[in-house]
Amino acid sequence: MHEERWLVKSSGRVLGPFTLEELIQHLRARTLSIIDEVRDPSTRWNFIREHPLLRDLVRQLREEQDTAHDSTQTTFVGSSGGRTVTLSVTEGLAQEGELTPNPSALHNIPRGGKDVRPISGTERNLSSTFGGGKAYGSLSDARVQSNLQKRGNLSRNILFGVAIALIAGSAFYFYNQKKNRVVANDQARSFVKLAREQVRYGQTEKALDYMVRARGAMAFSAEDRLLFSELLLQVEGKTVEAQRALTEVQNLQDPRLLREMSLAKILIHLKEQRWNDASVEINHLLSFNPNDEEALHNMALLQYYQGLYTTSAQTVSRLVERGYRSTELILLKGLLALSWPEKAGQVQRLSQAADEIKKDLDGNFELHFEKSLLYVTLKIQAGKADEVRHWLKSMWIADPFDSRNFSQNLLVDHQIIRWDRLAPLCNRIGQAIPDAEGTKGVQSLCLFFQGETASALQRLDEARKQLSQSGLLAAIQSLMYMQVNRQAEAKALLQLSQGEVLGLLAQGQMCQADTDWPCAEQAWEKVLQVVPDNPMALYGKAFVMKQRGNDNGAREQIRRSILSSPRYRPFLEARGETSGGL
């Protein structure tokens, strides 16, 4: 029994030989484990717990272990990369199905086995395989429990703080997003309101700019889309975009808006020369109201574009009988007279149309230059060119560029006053009265309005060489230079204008731009002495009053002036302003 014949394989090393008593001692001291392998000279390697001679001993050790469980629990804590690991020997053994732990180390034991040192379960202080972690000892230690609890509380507090920060940050972000959307939406609505206000003043360019700014920040209502489409139709080359905006208009119920939408479709058809589609839409609109004036006006234009001059004249007469008044309708009547196919009574028709335009010229500055061209052409066509030679000299009482400052009806087609349609009038005048001073001014302006700026200025240079004393041509060229921001040349030519009304109008604008109020006031007063109802001079006078602090005088000036030119945009805007300007 006491013979040294037992070898033990533990942790990859072979220990022994031991006597049976020494082996039992090591097992009780836990320096060896029941899952270590053991053999004697007559057997193969086998687990200690499964060796026939050691089974009773293993059972006895287990019973002893159960009665002394509290003293067998040992903990070590290791850390690696900031991570803490706690391992219970008892828990590890439970995972293996045994109570006795595998020794973590045994000293090299001589063959006699005399130097074996037992490792007490209550004294072991194991170094973690994770690195330089600190061992705290038993889990029942109060200090250990306190440290662990502090670490746990700290972790929980950090996680809780991070969660609160994330929640607060998210709430703040979404609140700001919502707030920004509300602010942007409110600003967009204010832009739409300003756009509608500018429409009332006839300022369609400003109105469209506001609508474009609003469109990027809010969803337009059907009525907003309709207005956007109507404004786009006032800009050359925006027909496709206007049509796209119109197709987005849905669910309209208001009869007024349905009518506007129908008129917008008519304008698109007219611009795209889809005559049949325009005719269908107009007739559809007239089926609800046969006397719809804007529908009839567009019908007369459509018939004129189609070459149905007699029918167009009948539609115009129908509008006139109803008391409908429009400067562009008067122009249409004159153009119809020039295009009338029947020779019989032609001179009478031409003269009547010329007289009607002359009458409108005497009291209405709207489209003054365009009406003057048509008046001269009608007279020439009627064989009365001599009667208009003087008019070619005296017609220059309004700035030709001021025609664009009169508001237009958004629901009526305006292609009739495009310069590619009016240019033939300039040609007829040039052929009939080529040498007149006024003719040279007319021809150069027609080129300028068609976008041929260089040709227009060159023609004026050549004309002024022939007529070196012409103050009229100097004034016309000065106005052209102002349009292309060549102010120095414009001012130099004013010295040659010799008191021409056009020269005084150019002077008033330049002095006003330079904030030279005495100079501007003097120019406007001189214009009004010759042309009391000139809208540009009337507005300029009111503007100077405002700048000099005479607010009441400026308001009264506008109130009286708007009676003579109710569609003049500067008057409309000045009357509607509540702050700034007039």
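# Loops, helices and a helix pair

Reader: Where is the place of Gln273 in the chain?

Author: Gln273 sits in the loop that runs between helix H8 (255-271) and helix H9 (275-288); helices here are DSSP runs (H or I, at least four residues), strands are E runs of at least two, and both are numbered from the N terminus. This is a predicted model, in which local features need pLDDT of at least 70 and side-chain atom pairs count only at pLDDT 80 or more, while totals for chains, interfaces and linings use all residues. Residues are numbered from 1 along each chain as its sequence is written, and side-chain values use heavy atoms, with hydrogens and water left out.

Reader: And what about its backbone, what is the phi of Gln273?

Author: Phi of Gln273 is positive, at about 60°, although this residue is not a glycine.

Reader: Is Gln273 buried or exposed?

Author: Gln273 is exposed, with a relative accessible area of 52%; the cut-offs are under 20% for buried, over 50% for exposed and partly exposed in between, using a 1.4 Å probe and protein chains only.

Reader: Which way does Leu367 go, buried or exposed?

Author: Leu367 also has a positive phi without being a glycine, near 50°, and it lies in the loop between helix H13 (346-363) and helix H14 (368-381). Leu367 is buried, however, with a relative accessible area of 6%.

Reader: Changing topic, which peptide bond is cis?

Author: The bond from Gly16 to Pro17 is cis, with omega near 5°, and Pro17 belongs to strand S2 (residues 13-18).

Reader: Now helix H20, which of its residues are buried?

Author: In H20 (residues 487-494) the buried residues are Ala490, Leu493 and Leu494. They lie on the same side of H20 because they cover an arc of only 110° around the axis, the arc being that of the directions from the helix axis to the C-beta atoms.

Reader: What covers the buried residues of H20?

Author: Their cover includes helix H18 (453-466), helix H19 (471-483) and helix H21 (501-513), where contact means heavy atoms within 4.5 Å.

Reader: Which residues does Gln477 touch?

Author: Gln477, which is found in H19, touches Leu457, Leu460, Asp461, Arg464 and Leu493, not counting residues up to four places away in sequence. Gln477 counts as buried, at 0% relative accessibility. By contrast, Ala492 in H20 is partly exposed, with a relative accessible area of 46%.

Reader: Last topic, at what angle do H24 and H25 pack?

Author: Helix H24 (residues 551-564) and helix H25 (residues 569-576) pack at an angle of about 140°, with axes 10 Å apart. That angle makes H24 oblique to H25: under 35 degrees counts as roughly parallel, over 145 as roughly antiparallel, 65 to 115 as roughly perpendicular, and the rest as oblique. The axes are lines fitted to C-alpha atoms, for helices over the stretch in contact, and angles run from 0 to 180 degrees between N-to-C directions.

Reader: Which residues meet there?

Author: From H24, Ile558, Ser561 and Ile562 meet Phe571, Leu572, Ala574 and Arg575 of H25. By class, this contact has five nonpolar, one polar and one charged residues, with Ala, Val, Leu, Ile, Met, Phe, Trp, Tyr, Cys and Pro taken as nonpolar, Asp, Glu, Lys and Arg as charged, and the others, Gly among them, as polar.
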